[in-house]
Amino acid sequence: MNKKTTTIRKSILLIGIVLISGLFIFASKLELPSNWIARFNPNYFPAKIDFAGEAVPLQIADVQERLDRELLVNKHLNASTLLILKRARRAFAVIEPILKKNGVPDDFKYVAVIESGLVNVISPAGARGVWQFMPDTAKEIGLEVNENIDERYHLEKATEAACAYFLKAKEKFGNWTLVAAAYNAGGTGIKKQLDSQKVSSYYDLLLNDETSRYVFRILALKQIMQHPEQYGFPITEEEQYKIVATKKIAIDSSVTDLANLAMQQGINYKILKIHNPWLRTTKMVNPTNKKYQLEIPLEGY
C-alpha cells in the first residue's frame, strides 16, 4: 500500500468520525422524532392502571393481552391519535367541569374520546355528536332532536345528558367499569350477560368483539393521553388547538335567516355554525319561544 492510498484512507476515516460525532452533538440539542422516542422508551406497558379508581386486573393473562393490543393499535394510529391530542384541550375544557359537577369520575372523558375522537361525527347506525347518542336515547334523556335543532351536537348539553346516563347506570351496576361497558352494549345487554355467565366483573365476561375491546380502548387512550411522549407523541402546548373566547347571546324567538343573525354579531354564517353545530338548518324555528343560548366567538375569525 503506497503512502498516497494510506493518506486517503485516513482522511476518509477522519471525516466519518467527525460526521458521526456531529450527529450525536445535534441529537442532544434537537428534539428527536416521535418514532425515536417510542423506540427509546420500550417499556410502554403500565405496571398498573385503573378506570375511575377501579383497578384493572392485569394479573389475568387475557386482560393484560387485551390492553396490550389496544395500546399497540392506538400507538400506531399516528394521525388519529395526534388529532385527538390536539383537540383534547378545547373539548376537555367543556367536558371536565360538567363531569365534576355531576359527580362522575374524570375518566369518563375518555369515553367521549373513543366514541367520536372529540368531534361531531355520525355513525352508520345514526348516532351523532361527540357522545354518539341515538335519536330515541337522546330524547329520553332530555335532548331536543328535530330537523332544525339537534342538541346531540351541543357539547355542554350532551355532556350533561351523558352524565345522567352514567349516574343511572351506576345505580344499577354498582361500579363504573360496568357503566362504561353498558354505554356501548346497553344496560340490558350487560345485565343479561352478567346473569347468564354468573360473574360480576366486566373483566370476567365473554362478550362480542366490540364490547370486549371497549373498556380497553378507553384505558389505552387514557394511558397514551396522560403519557404522550412515552408513546411517541411529544406534543407541545403550542400544537394543541386553542380555546376560543366566546360570549353568549339569548334567543327566544324564531330566526328566519341565520346568516343575517351572524352578520349582526360581526361574524359570518360559517363561524356561527362552527360554534353552534346544534343549529341544523339555515333558520331556527321556535314557535314556543324557548330560550336558547348561542355562542358567539370573540376571536379566531
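Select L155 to begin: this residue is partly exposed, with a relative accessible area of 23%, where buried means under 20%, exposed over 50% and partly exposed in between (1.4 Å probe, protein chains only). The model is predicted, so local features need pLDDT of at least 70 and side-chain atom pairs count only at pLDDT 80 or more, while totals for chains, interfaces and linings use all residues. Residues are numbered from 1 along each chain as its sequence is written, and side-chain values use heavy atoms, with hydrogens and water left out.

Display the surroundings of L155. Not counting residues up to four places away in sequence, L155 touches A91, V94, I95, V130 and W131 (contact means heavy atoms within 4.5 Å). N276 lies 121 residues from L155 in sequence, with 9.4 Å between their C-alpha atoms.

Next, select helix α7, residues 155-173, to which L155 belongs; helices are DSSP runs of H or I, at least four residues, numbered from the N terminus. Its buried residues include F166 and F173, and the buried residues of α7 pack against α4, α5, α8 and α9. After α7 comes G174, with a positive phi near 85°.

Move to K86 in helix α4. K86 is buried yet has no salt bridge, the nearest side chain of opposite charge being E239, 4.8 Å away; a salt bridge requires a side-chain nitrogen of Lys or Arg within 4 Å of a carboxyl oxygen of Asp or Glu.

Finally, colour by pLDDT, the predictor's confidence in each residue, from 0 to 100. Residues 17-40 stay under 50. Where pLDDT is low, the predicted coordinates should not be read in detail.

Note on methods:
Helix = DSSP H or I, 4+ residues; strand = E, 2+ residues; numbered from the N terminus. Expected span 1.5 Å × (residues − 1). Lys, Arg positive; Asp, Glu negative; His and termini not counted.
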